[in-house]
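User: Please take a close look at one part of this chain and walk me through it. I would like to know how it is built and what lies around it. Start with the contacts, then zoom in.

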Amino acid sequence: MILLDQTRLPDEEIWLRLDKLNDVVEAIYALRVRGAPAIGIAAAYGVLVGMKGKVNLPLEDFKSHLQAVKERLFNARPTAVNLGWALGKMAEIVAQFSAGDSAVLYDRLEMEAFTIHSEDIELCDRIAAHGAALFPQNARIITHCNTGFLATGGVGTALGVIAAAHKLNGVEMVYADETRPLLQGARLTAWECQQLDLPCRVMTDSSAAYRMASETIHGVIVGADRIAANGDTANKIGTYGLAVAARAHKVPFYVAAPYSTIDSALAGGENIPIEQRPETEVTTLRGISLAPEGTAAWAPAFDVTPAQLITAIITEADVFRYPYDFS
Ligand code: MRU
């Protein structure tokens, strides 16, 4: 499995070849590959990495090893539903498998991983087409975290919508929140905007409300890691505050995500598992101390935006509006 190490961007473009399950799990945990859809795709390929050397095992042994591999991957990051969703798709292949040996089952799993990847490319295009029409000509748009081609298999979710809006009607400016603490906005979204020729200004997360007060912002659009059945949405820490500011300034607040991000098993956002990251991700930046040695920190990776603050949820299936009924 080969992937671009996102922790090194934008300074260096380092491609990693991952041949061991431990390395795939580490890459997901350390955010070398990140963004909910990309994590799902990486987990599907991770199953192949973990199982490649096991094709000579008897089928039952192969299956029990597979179970252990899935558990390792599942526990790498808890919030993005895509990880469990992709592993669930791989598990369905095993459940349906009736004729053949471990090597045949491995081939089926490989086909499923390719399908998960290629379907993500297609659904990103459909999300982009659905969302682009929501923005007027020469829109000024705020976004948070990174939701483009680095974060998915295709053109992206929220950033894919922005790029499509730019083609359709022109986008005057993308304001990219820097996205503390790991700077996915400053490092990755600004980099992607350069590649896509999208006009972009990075701003500190705390500048967003003032930007909305200073000029007309035509919309805020973000991705999602998990959406509860009532529309409550988990996304990168800072999203909730951005939604509150958008409501205060009457700016539409959109979420763009694959339909599979909706976790219908969860009635509301209070049950979404929120990943806690190491405190040093807040108190240091690339090895430089930002706070006195020993300072305690709080480092949730995500927050939950209540459904009533979300104007619409854009998926490949439909554009849903509050109050949400995804059935
Ligand atoms: O911790 P990260 O960088 O994986 O968080 C990513 C986000 O919160 C994204 O907004 C979300 O996964 C959607 S990516 C299309």
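Analyst: Count the contacts (heavy atoms within 4.5 Å) in the chain with a separation of 6 or more: 76% of them link residues 24 or more positions apart. This is a predicted model, where local features need pLDDT of at least 70 and side-chain atom pairs count only at pLDDT 80 or more, while totals for chains, interfaces and linings use all residues. Residues are numbered from 1 along each chain as its sequence is written, and side-chain values use heavy atoms, with hydrogens and water left out.

Now the outline. The chain has ten helices and 15 strands. Both are DSSP runs, numbered from the N terminus: helices are H or I with at least four residues, strands are E with at least two. The radius of gyration of the chain is 20 Å, close to the 20 Å from the globule rule for 327 residues, so the chain is as compact as a globular protein of that length. That radius is taken over C-alpha atoms, and the rule is 2.2 Å times the number of residues to the power 0.38. Along the principal axes, the C-alpha atoms fill a box of roughly 65 × 50 × 40 Å.

Of the 327 residues, 52% are buried. Buried means under 20% relative accessible area, exposed means over 50%, and partly exposed is in between (1.4 Å probe, protein chains only). The accessible surface of the chain is about 14,300 Å². Carbon and sulfur atoms own 53% of that surface. The areas come from the Shrake-Rupley method with a 1.4 Å probe, and for residues only the protein chains shown count as cover.

Now zoom in on helix H1. H1 runs over residues 21-29, and its buried residues are Leu21, Val24, Val25, Ala27 and Ile28. They cover an arc of only 160 degrees around the axis, so they sit on the same side of H1. The arc is that of the directions from the helix axis to the C-beta atoms. What covers these residues? Helix H2 (36-51), helix H3 (59-74) and helix H4 (81-96) are among the cover.

Follow the chain out of H1. Leu31 is buried, with a relative accessible area of 6%.

Gly35 is found in the loop between H1 and H2 too. It is buried, at 10% relative accessible area. Gly35 and Gly185 are 150 residues apart along the chain, yet their C-alpha atoms are separated by 12 Å.

Leu183 also takes a positive phi, near 65 degrees. Leu183 is found in the loop between strand S4 (171-177) and helix H7 (184-196). It is buried as well, with a relative accessible area of 15%.

The buried residues of H9 (residues 239-248) are Thr239, Leu242, Ala243, Ala245 and Ala246. They too cover an arc of only 160 degrees, which puts them on the same side of H9. Just after H9, Lys250 takes a positive phi of about 55 degrees.

Beyond its neighbours within four places in sequence, Met212 is in contact with residues including Leu242, Ala245 and Ala246. Ile142, Ile217 and Val220 are also among its contacts. From Met212 to Ala248 is 36 residues in sequence and 9.3 Å in space, C-alpha to C-alpha.

For contrast, take Ser98. It is found in the loop between H4 and helix H5 (102-132). At 71% relative accessibility, Ser98 counts as exposed. Its C-alpha atom is 34 Å from that of Thr315, which is 217 residues away along the chain.

Last, two peptide bonds. The bond from Leu9 to Pro10 is cis, with omega near 0 degrees. Pro10 lies in the loop between strand S1 (2-4) and strand S2 (15-17). Another cis bond joins Tyr322 and Pro323, with omega about -5 degrees. Pro323 lies in the segment after strand S15 (319-321).
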